[in-house]
Amino acid sequence: MKTVIIYGSTTGTTEAVAEDLATELGATAIAAADADAAALEGCEFLVLGASTWGMGDLQDDMADFISGLESLNISASCGAVFGLGDQFGFGDSFVDGIADMAEALDDQGLKLVGRWPVDGYAFSASRAQDGTSFSGLALDQDNESEKTADRISAWVQRLKEEV
Ligand SMILES: Cc1cc2nc3c(=O)[nH]c(=O)nc-3n(C[C@H](O)[C@H](O)[C@H](O)COP(=O)(O)O)c2cc1C
């Protein structure tokens with residue numbers, strides 16, 4: 001299955017995670033600022049990942065990318081999202097950007113897979129929370145980088161089962 005990861009990263013943290021994820025998923029990782037129709041041609045499974053900035057704002061490159069998503073005529077039938085944030089510094093808007101990316105995929109008719117339990121995080125509010133889950137994988141390199149590799153592996157396992 002041709003899998004493409006599009007990432008938005010301001011200081012390089014999400015980019016590094018996207019590269020690791022690409023290795024585990026057997027996917028190609030492309031910066032949102034460079035992603036065009038050619039990069040997405042034949043894509044069957046689309047993964048979007050980005051950090052959250054401001055007070056709950058989706059990272060700029062990813063915000064631009066999703067605003068033009070419709071014109072790219074995405075061929076993928078399903079997708080997943082992951083987001084980076086800081087649950088202690090920004091506990092009221094933790095990984096909010098996940099919600100915007102998930103909504104964008106939903107708007108394009110993609111089936112969203114890879115929801116991730118909120119258990120084990122210490123935030124107080126997140127737009128990405130839907131019941132007991134986030135709409136995608138939440139990662140916190142600012143405070144819990146030691147948990148990231150295991151979280152990615154478990155998420156990839158989940159994606160392989162759900163796709
Ligand atoms: C000014 C500023 C605002 C931030 N706002 C949020 C936020 O609202 N929610 C959140 O979860 N993380 C927030 N963060 C944390 C970043 O999302 C986090 O550091 C992330 O790993 C950066 O990834 P990037 O380098 O790929 O952009 C903020 C960080 C800074 C410096």
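Reader: Hi! In which hand does α1 cross α5?

Author: Hello! In this predicted model, α1 passes α5 in a right-handed crossing.

Reader: What kinds of residues make up that contact?

Author: The contact of α1 with α5 divides into 5 nonpolar, 2 polar and 2 charged residues. On the α1 side they are V17, D20, L21, E24 and L25, and these meet T148, I152, S153 and V156 in α5.

Reader: Nice. At what angle do α1 and α5 pack, and how far apart are their axes?

Author: The angle is about 40°, and the axes lie 10 Å apart. Angles under 35 degrees would count as roughly parallel and 65 to 115 as roughly perpendicular, so α1 and α5 are oblique to each other.

Reader: Got it. Switching to the ligand: which residues come nearest?

Author: Of the 23 residues around the ligand, the nearest are S9, T11, T14, S51 and G85. The largest share, 3 residues, comes from β3.

Reader: And how many of the shell residues are polar, nonpolar or charged?

Author: The shell has 14 polar, 6 nonpolar and 3 charged residues.

Reader: One more topic! In what order do the strands of the open sheet with β7 run?

Author: The order is β7-β9-β8, with antiparallel pairing. Both β7 (116-117) and β8 (129-130) are at the edges with a single partner strand each, so one side of each has no neighbour in the sheet.

Reader: How many bridges join β8 and β9?

Author: β8 pairs with β9 (residues 133-134) over 2 bridges. You can find Q129 opposite F134 in β9.

Key. Residues are numbered from 1 along each chain as its sequence is written. This is a predicted model: local features need pLDDT of at least 70, side-chain atom pairs count only at pLDDT 80 or more; totals for chains, interfaces and linings use all residues. A residue is near a molecule or strand if its C-beta atom, placed from the backbone, lies within 6 Å of it. Helices (H or I, at least four residues) and strands (E, at least two) are DSSP runs, numbered from the N terminus. Ala, Val, Leu, Ile, Met, Phe, Trp, Tyr, Cys and Pro count as nonpolar, Asp, Glu, Lys and Arg as charged, and the others, Gly among them, as polar. Two strands pair if DSSP finds at least two bridges between them. Axes are lines fitted to C-alpha atoms, for helices over the stretch in contact, and angles run from 0 to 180 degrees between N-to-C directions. Angles under 35 degrees count as roughly parallel, over 145 as roughly antiparallel, 65 to 115 as roughly perpendicular and the rest as oblique. A crossing is left-handed if the near helix is turned anticlockwise from the far one by less than a right angle, and right-handed if clockwise. Two residues are in contact if their C-beta atoms, placed from the backbone, lie within 7 Å.
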